[in-house]
Amino acid sequence: MKRLSAVVLTIVLLAAAGVQASAWEWWAPTLPNTPPASSTPWQPNWPVNPSPNPNPNPNPNPNPNPNPTPNPSTPILPVQPSQPGSGSQVPEPSPSLTSDEQRLIDQVNQERIKNGKQPLKIDYTLVALAKKKSHDMAVNNYFSHVSPTYGTVYSMLDQAGVSYSRAGENIAKTGDVSRAHTLFMNSAGHRANVLHSGYTHIGVGIVKRGTSYYVTQIFIKR
């Protein structure tokens, strides 16, 4: 049954990529197999001692010409400062909920109430993590559940000391932040996270880079 669920989830993820939105349900990562110990113990590769003082009489007067005569016919051009990368121009998100983030949480809870589910409580640690993930995607110009900086959402939750029994993450990249909720609800995987009866808390973070908005929703069961 677990294997079948994993296959179904993989199909859902591939289908969701077409609208630049992605959902990731809870999973239990497996540890890599421990490589067998080598039968040959490691030996340091010590360098061979060079012959002492191979050049005992170096030239003591190399004549470095420390005061060259400047050429007045060649003007000295000013050095242009290096241009910062576009990622460095992405401002840090506000620590408090923005109106767009609050609206997205309200839309989630409206959907849950309409479908007979309990509304989710705002967890400000999750809000901070969602903002951090969206900012990381914007700065490093990627779109993935696996951050090159923080790893998976589970790594982020564990590093932050968040206690949870189940967790999920929705991410979206869109040119119109007001469309984020529609993108989520029109994708089976994202919709499943939004309406999952097991979740109890939510955090949302939205960061803009250029004309694109990076949106992260983090759900947990506590």
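**The largest cavity**

The largest cavity holds about 60 Å³ of space. A cavity here is a set of points on a 1 Å grid over the protein atoms alone where a 1.4 Å probe fits but cannot get out, and lining residues have an atom within 4 Å of a point. Grid points are joined across faces, edges and corners, and a volume is the space filled by probe spheres set on the points. The model is predicted: local features need pLDDT of at least 70, side-chain atom pairs count only at pLDDT 80 or more, and totals for chains, interfaces and linings use all residues. Residues are numbered from 1 along each chain as its sequence is written, and side-chain values use heavy atoms, with hydrogens and water left out.

A search of the whole structure finds one cavity of 30 Å³ or more. The lining of the largest cavity consists of Asp100, Arg103, Leu104, Gln107, Val177, Ser178, Ala180, His181 and Ile206. By class, four of these residues are nonpolar, three polar and two charged (Ala, Val, Leu, Ile, Met, Phe, Trp, Tyr, Cys and Pro count as nonpolar, Asp, Glu, Lys and Arg as charged, and the others, Gly among them, as polar).

At least two lining residues come from each of α2 (99–114) and α5 (180–185); helices are DSSP runs of H or I with at least four residues, numbered from the N terminus. The largest share, four residues, is supplied by α2.

Helix α2 also meets α6: Val108, Glu111 and Arg112 in α2 contact Asn193, Val194 and Leu195 in α6, where contact means heavy atoms within 4.5 Å. Three nonpolar, one polar and two charged residues make up this contact.

Note on methods. On a 1 Å grid over the protein atoms alone, a cavity is a set of points where a 1.4 Å probe fits but cannot get out, and a pocket is an open set with protein on both sides within 12 Å along at least five of seven lines; lining residues have an atom within 4 Å of a point.
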